[in-house]
Amino acid sequence: MTKKKVAGSRHALGVAALLALCAMGASAQIVIGQTAGMTGSVAASVNETIGGAQLVIDAANAQGGIHGEKIEVIRMDDAFDVKRAGDNARVLIEDKKVLALFMSRGTPHSQAIIPYLDKNEVALIGPSTGAMVLHKPLQKHVFNVRATYQREAEKAVQHLLTIGLTRIAVVHVTDSFGADALQGAMNGFTKGKAQPIATVPADREKPDYKTIVPAIMKADAQAVVWIGSGVAVVDGIKALRAAGSAAQVVTLSNNASSGFIKQLGDASRGVIVTQVFPSERSMGQPMVKEALTLARAKGQGELSPAALEGFASAKVLVEALRRAGPKPTRAKVLAALESLKGYDLGGGLEVSYSPQDHSGIDFADLAIISEGRFKR
């Protein structure tokens, strides 16, 4: 072989080696999957939670990733459709081979994912739902971060009773989320030795406001606990106000987003939204301060409650990946989560898991929406 041919062969081998190294670098990623309603009735709050979560993920990647590997999130839109959520989970877990799932949205939607988690031994971290069914009985592969809807609904009813509003109606969506939150509301009535003045069901897909609103008006309700999601609740409140009702309205933290407020517009007056994290304006709270600092570095002027939920859940995700060690596997992530003890999100908001408890934190508060702003 001539010197020219040898040099050419060496050059070809060098290029091939370089391409191989590049390919290895490109694959050196921690791939996480997410299915949620990025379009549809809950898109406003879902996309705000994604924005908050991405602050944490981008910050981790900017520092070199986790043990030298960058985090990549493959997101699939299920448009808040239960079947699509389950189908997306199967694709992410079985076809895309993601390491873990992250922040699904919706109670029946998360339930549709569980069979794929159990079949493939994959963790779901921080589902954006407070359903008790994801807490008790224990779901082996579900690791909650936020408080339960039952805790929120109970506190909402207790608050209304405490301020002297005794004629309280409850509107609840007819799915597993609605049934779960309704149980929490009834717990609040029981503890307050009271009863709802009316309990009104609402279809998840097509609520009939021509039936719902007259039932509230007929009961002469002073307040309404409205258990539902996104646009369905917005349209319901607007229909209630159009009918002439000035009743106080309380809805749960699944609606705690800036988008929800904007959709309400003038109808936002007199609305309360329960919260599962500290105020996004509490600059003295370390987690809020950290989130706002990262947001401002990206040119974002403020946070929303939904963004803060995403931020908190992503902190748990990143910490679990760190503890799973280099070259994490699905089994290592599960083990890291179940051994997570006293992880402080900031300001004493601690997350702890064990093989017997995947509940996360237990924090609930109330925020009043007024003139398009969250106030406490």
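The largest pocket in this protein has a volume of about 270 Å³. The structure is a predicted model, where local features need pLDDT of at least 70, side-chain atom pairs count only at pLDDT 80 or more, and totals for chains, interfaces and linings use all residues. Residues are numbered from 1 along each chain as its sequence is written, and side-chain values use heavy atoms, with hydrogens and water left out.

A word on terms. A pocket here is an open set of points on a 1 Å grid over the protein atoms alone, with protein on both sides within 12 Å along at least five of seven lines, and a lining residue has an atom within 4 Å of a point. The volume is the space filled by probe spheres set on the points, which are joined across faces, edges and corners.

By type, the lining has 12 nonpolar, four polar and five charged residues. Nonpolar covers Ala, Val, Leu, Ile, Met, Phe, Trp, Tyr, Cys and Pro, charged covers Asp, Glu, Lys and Arg, and the others, Gly among them, are polar.

Where does the largest pocket lie? Both domain 1 (29-147 + 284-362) and domain 2 (149-275) contribute lining residues, so the pocket lies between them. The domain bounds come from an automatic or database domain assignment.

Now the whole protein. It has 12 helices and 14 strands. Of its 376 residues, 53% are buried, meaning under 20% relative accessible area, with exposed over 50% and partly exposed in between (1.4 Å probe, protein chains only). Among contacts with a separation of 6 or more, 67% join residues 24 or more positions apart; a contact means heavy atoms within 4.5 Å.

Next, confidence. The average pLDDT, the predictor's confidence in each residue from 0 to 100, is 89, and 89% of the residues score at least 70. Residues 3-27 stay under 50, and the model gives them two contacts beyond four places in sequence. Residues 366-376 are also below 50, but that stretch has 51 contacts beyond near neighbours in sequence. Where pLDDT is low, the predicted coordinates should not be read in detail.

Some backbone details follow. The peptide bond from Lys-136 to Pro-137 is cis, with omega near -5 degrees, and Pro-137 sits in the loop between strand E4 (124-125) and strand E5 (142-143). His-67 is not a glycine but has a positive phi of about 50 degrees. It is in the loop between helix H2 (43-62) and strand E2 (70-77), and is partly exposed at 43% relative accessible area. Phe-80 also has a positive phi, near 60 degrees. Its loop runs between E2 and helix H3 (82-95), and Phe-80 is buried, at 9%.

Gly-184, in helix H6 (residues 176-191), is buried, with a relative accessible area of 0%. Gly-184 and Glu-154 are 30 residues apart in sequence, yet 4.8 Å apart C-alpha to C-alpha. Ile-74, in strand E2, is partly exposed at 23%. Ile-74 and Gly-33 are 41 residues apart in sequence and 4.9 Å apart, C-alpha to C-alpha.

Notes: 1 Å grid on protein atoms, 1.4 Å probe; cavity = no way out; pocket = protein on both sides within 12 Å on 5 of 7 lines; lining within 4 Å. Helix = DSSP H or I, 4+ residues; strand = E, 2+ residues; numbered from the N terminus.
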